[in-house]
Amino acid sequence: MHNDELMQVFKKFKSDSEIFHDLMRFKVRELLLVATIFDAFSLEQDGLLAEKIFGEYFSLNLTSAPRISSVTSGDEAIEMLEKRKFDLVVVLSRLSRADTINCGQRIRERWPDLPVLLLLNDNTDLEALDTRSDLWLHYDNVFVWNGNSEIFLAMIKYIEDRRNADKDTAIAQVRIILLVEDSIRYYSRYLPHLYSELIRQTTKLVEEELQEETKKVLRMRCRPKIILATSYEEAMQQYEHFEDYLLCVISDVKYKKDGVLDDKAGLKLAKKLKELSPDLPVLLQSSEPEIESAANRLGAAFVHKESQFLSKRLSKFFYRNLGFGDFVFRNAHGQEITRARTMSDFRNCLRIVPAESIEYHASRNNFSTWLLARGEVQIAKVVSRIHVAEFDEVESLRDFLINMGNWVFRMKTRGKVISFDKSFIGDNRHHICKLAEGAIGGKGRGIAFMNYLLYNSSMLESVSDIVIRIPETFIIGVDEFTNFITTNDLADFVSSERDYATIKRRFVESRLSEKILNRLRIVLQKVTYPLAVRSSGVLEDSVSHSMSGLYETFFVPNNHPDSEVRLRQLEEAIKLVYASVYSKEAREYFDAINYNIEEEKMAVVIQQIVGRKHGHNFYPLISGVGQSYNYYPFSYIQPEDGVGMLVLGLGRNVVGGERSFRFCPTYPQLEILTPEELVKNSQRRFTVLDLEKNTVDLFNGEDATLVKHDISVADADGTLQEVASTWNHLDQRLEVGTDTRGPRVINFANILQYESMPLARTIKHILNVSEEALETPVEIEFAVDVDADNLDKPVFYLLQLKHMLRESEDYNIDKASIDRSKLMLYADSGMGNGRIDEISDIVWIDPDLFDKSQTEEMAREVEAFNLELKESGRRYILLGPGRWGTRDRWLGIPVTWPQTSFAKVIVEYSLEGFRVDASMGSHFFHNVTTMGIGYFSVRQDSGEGFIDWNWLRSQPVIKRQKYFTHTRLPHKLGVVMDGRQGIFLVYQNIEDSIVLESGEVEIDHAYGSFT
């Protein structure tokens, strides 16, 4: 997938809202008010006019209130217009003020396309207006102000609607409300009521939507437009122009017809419109009560013009007739059958109402009206063009409506993060459900991005014979975390308390909001599979800070027969994820990156655990990590060819730095280790979720529900056959599968060597697409299982996407100029570029003292040295054998990142009989890379790598523990790194360190400036 296709995917992501972006292209953002000095003073003192207009916009949830500029004369208006662009001019004046009144003519002559309105400031001027017919040539319309600030909102919206109506109806079939009224006094009073009610009703509908707040704002642009006509002929002209889009007609009764005032013009108009469009809602208004009976005979509604309940009656009319209320399904006689409040209700009702009801509403275009009021533009467009006669039977029409509704819903939500709706739980894996508002955090962003890319691009079709998907996912936005901290009075507590057990206990005893508990209860009614409750901090998985493994993840069996027990377990897991923000490790990490921990906000990802049940064990066939950049390439492999790590069972073995199978997705058949080395270093144990632990105390830690088994258990389950080979002692070779006797070696040969499933191609494809999209090397976490949903293909589940960091610039070392006699250390594998000139301290373990059974004690020694050096502000080099940061103490020293947080360079070295691959997929590895720490791997038994132990043993010792020694030199060491060539050097003295070909470069961390 190339960049142009990614851009098309992004454009598709925007297309749902782009149609709303294209609406209301003309907006009044700059308004020029021309008024006399006294009127301007009266309006503008203390910002009165601006406050009133802003107040009207704010009370109606409208955005972008216009800026008001005022001048006091026609000359000033012309001068201002020459300097700045304005969208609307309002001239406020009495008719007797010739200068300001004539201002309209002068503006029209200079700027003929600029809308200009005349606002009379007294009703007494209306009588004299009949003698000033010339004013209509210079002004777009005339209004009268009686001190009600709503008139300014009405004038602005009136002009915007006039300018936008043609384009908006063509683009999105936006509906038109035709108002027929010739009384300036009355439409000046009535339009504000009409606009206020229309905007409130539209806002109410939009707030019910499963949309982000920005899209809700854009949806407001889809509200009906109001067009004003002042005579019978003009009304009919507007009807013919907007016939396909008319929502209703609101008409006075008395106005001109055929050039003369007609007392019954409104009734005649209603009669004509009902003949042309029998189902078009018409509302007649008059100050004469006797008109009501005539209106009723025509099938029109009626409202008294002087009624003190005018707004209420308008609201009632909108709610019942214009699609703003419930959709009331009626039979052929117009009697109510049932009603739908939401789109979900509407889809369900379509399935059960009688055929006559479908025919009744389809023939009257009721469906499209109701749908359009809710901004369902695309589906409303199709429905409005449907005629009952086009279908052989009504049931075919019903099926069409249901299928189209389902299709549109799937397309709208496909790959999206949608707001909570109980009807969407458990029935769709194409979207992510958001259970609480607020940001979704770093992990949530990665999952959401991959989900959208999956379902809105060619990624799904790019690799055959495998299904790619995201596990069903729910996200609790950070607003719930903020509310949890506030309502439980935890802010001061976490600020002062440092004991993590005490913090966890207080969090568990605190209360989540009733809203989120009710939503979780609804989720658990439909979701009975095991769940992973994962952190998603807003700073987590960012480009500059990985925070991998910093927060806790809990695996919940979710299989207790009592749903309330399941809810309590899920609630406890969420609270403990929240509490992990304030763990010792998290605090030390934030100290290291100079952030206040209060800046972190926690979202929570609740995700289906991938796998199948095997007795009381639950696990996937394969879990793994894929990286688009390989820091430790081998043979002819290039760094850009990437690397993958696979394990049987849950992925804790990979991210914990335990035994896994390493391979190259580009060349999956290339074997990294010899068969003998594979036998020795193969995965021996695998992690499962114990389904028997359905009552568990998660307070005991992340592993409370997990169990590690010997791989013989998987052999008995029948899952080993696909992923293992067997060592043949007689022939001294590996045989694919488990059909023969012998030691099992998990090397995924059947999959990688013989491609029983296209796993390597899938990983490579996803890495390539993700790297191009993020414009940085990436890592994915995934799980693979077979027989999921009884599919005949294996299913590849994407669990996480995050950035990897690598050096942004290349520093070149002239290898020929290296004087090895002056080196303390040479490594041909590692990460980092540039040089570090600040180090005099080394914390190291002598190979002769290493005992792999005592690695946990060694980790405690490292932690103590790290704390001492941190307190004294001295960075250091850390040297140790095996794999740093592993959870398997037999593979290396099981430190956590905070225990080594002040090291500037970390070196892992091999020993005879103790060679372990680097910690590439582990959380520890990620935190090292994102913190800009040099990381070297010295393979003393192969390659060019070495450590000068004799020199190191002769240096001054500050402190010696049972295993580790702290050495401090009287001078600085010279650390030089060339990540591209794979040359990593530590000089015994900085004065002997080489100069890079690109010029001597000093940097304050190991990676230069990151992208």
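Analyst: Start where α26 passes α27: the crossing is right-handed. A crossing is right-handed if the near helix is turned clockwise from the far one by less than a right angle, and left-handed if it is turned anticlockwise. Helix and strand names follow DSSP runs, numbered from the N terminus: helices are H or I runs of at least four residues, strands are E runs of at least two.

Before going further, two notes on the basis. This is a predicted model, in which local features need pLDDT of at least 70 and side-chain atom pairs count only at pLDDT 80 or more, while totals for chains, interfaces and linings use all residues. Residues are numbered from 1 along each chain as its sequence is written, and side-chain values use heavy atoms, with hydrogens and water left out.

Back to the pair. Two packed helices are described by the angle between their axes and the distance between the axes. Helix α26 spans residues 514-526 and helix α27 spans residues 563-579; their axes come within 10 Å and cross at roughly 125°. (Axes are lines fitted to C-alpha atoms, for helices over the stretch in contact; angles run from 0 to 180 degrees between N-to-C directions.) α26 is therefore oblique to α27. On that scale, under 35 degrees is roughly parallel, over 145 roughly antiparallel, 65 to 115 roughly perpendicular, and the rest oblique. From α26, the contact uses L517, L520, R521 and L524. From α27, it uses S563, E564, R566, L567, L570, E571 and I574. Contact means heavy atoms within 4.5 Å.

Helix α21 (residues 441-455) and helix α33 (residues 759-774) have axes that come within 12 Å and cross at roughly 115°. That makes α21 roughly perpendicular to α33. This crossing, too, is right-handed. F449, M450 and L453 of α21 meet I766, V769, S770, A773 and L774 of α33.

Next, strand β33. Strand β33 covers residues 795-803, and nine of its nine residues are buried, so the rest of the structure largely encloses it. Buried means under 20% relative accessible area, exposed over 50%, partly exposed in between (1.4 Å probe, protein chains only). β33 pairs with strand β17 (residues 467-469) in the parallel sense, over three bridges. There V467 has V795 as its bridge partner. With strand β32 (residues 778-785), β33 pairs in the antiparallel sense over eight bridges. V784 stands opposite F796 of β33. Strands count as paired if DSSP finds at least two bridges between them.

L31 stands opposite L88 of β3.

Strand β6 (residues 176-180) runs parallel to β7, and five bridges join them. L178 has I227 of β7 as its bridge partner.

Then one residue up close. F327 lies in strand β13 (residues 327-330). With a relative accessible area of 4%, F327 is buried. Leaving out residues up to four places away in sequence, F327 touches T338, R339, A340, F346, H361, N366, F367 and W370. F327 and W370 are 43 residues apart in sequence and 6.9 Å apart in space, C-alpha to C-alpha.

Last, the cysteines. A disulfide is a pair of cysteine sulfur atoms within 2.5 Å. By that rule there are zero disulfides. C103 counts as buried because its relative accessibility is 0%. C664 is buried as well, at 1%.
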